[in-house]
Amino acid sequence: MRRVLRVLLLVAILAVVLYPLVWMAGTSVKSPEEIVSNIGLIPDEFTPGNFAEGWSHFDLGFGRFFANSVLVAGLTVLGNVISCLLAAYALGRLRFRLRGMWFAVMIGTLLLPGHVLIIPQYILYKSLGWVGGDFPYLPLLVPQFLATEAFFVFLMVQFMRGIPRELDEAATIDGAGPYAIFRYVILPLSRPALVTTAIFSFIWTWNDFFRQLVFLSDLSDYTVPVALTLFIDSTSESAVGPMFAMSLLSLVPVFLFFVAFQRMLVEGINTSGLKG
């Protein structure tokens, strides 16, 4: 009886979690009139043309926004993985003066809301000519190559602290220096933490709306989250059906990325001191 009740409870929780996704999938194939009148999951009349209309709704084509999102998310993943790994190695394995203080300062940056920092960042990037420049994604990408994501640095530091220091000592006896230890000892063993950082970086960047809305001004540079808002226009008829269709398509890369690395994600979280 306990097992049956447990299964029923899990099914009920799963239904609550998946309901918004199923509703969005059903709404993406409804006509504009039915979207307003029918709030059920299954449409009375299938309208698959919403996907074609949404894909070609803009002059550029929605594929351009997908390409922009892939570019920003891919380079963000690369920047976070490289910079946060190097910073974590310095804070977690090397010994230098004031290491504890710098680690505390880094952790303290987690207390600062991103909305508080957006105005001084915009002023700085504007003075550097990055906002609206030839490559408008510099404000979104450059900070990621400077280890500004304290959460990922902390995650990797916690992971590296679980690696036995005897491995470093054995490598030192064999004549390896800090760079060789990092290359042949720490880097291969940090794979779960790197995968965890890559997954979270991709998902958070792909779904990011506020920062991309602030720093991107040209339509051709918009990413998927920003482009989805263009389907709703207060001065003309809103294309709600195509908007839901493109919203559904925008979930596919995140879903595939998560499914492909789910096992490594769980392993990385369990071995990085973030249990609980």
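I looked up the largest pocket and found a volume of about 930 Å³. I took a pocket as an open set of points on a 1 Å grid over the protein atoms alone, where a 1.4 Å probe fits, with protein on both sides within 12 Å along at least five of seven lines. The volume is the space filled by probe spheres set on the points.

This is a predicted model; local features need pLDDT of at least 70 and side-chain atom pairs pLDDT 80 or more, while totals for chains, interfaces and linings use all residues. Residues are numbered from 1 along each chain, and side-chain values use heavy atoms, without hydrogens or water.

I counted as lining any residue with an atom within 4 Å of a point. The largest pocket has 32 such residues, with Gly 114, Gln 144, Thr 148, Glu 149 and Arg 211 nearest its centre. Helix H6 (114-127) is among the elements giving two or more residues, and H6 supplies the largest share, 7 residues. Helices here are DSSP runs (H or I, at least four residues).

Next I checked the second largest pocket, which holds about 430 Å³. Its lining has 16 residues, and the largest share, 8 residues, comes from H14.

Last, I looked at H8 (residues 150-161) and H11 (residues 191-207), whose axes (lines fitted to C-alpha atoms over the stretch in contact) come within 10 Å and cross at roughly 165 degrees. H8 and H11 are therefore roughly antiparallel (over 145 degrees).

Note on methods
Axes are lines fitted to C-alpha atoms, for helices over the stretch in contact, and angles run from 0 to 180 degrees between N-to-C directions. Angles under 35 degrees count as roughly parallel, over 145 as roughly antiparallel, 65 to 115 as roughly perpendicular and the rest as oblique.
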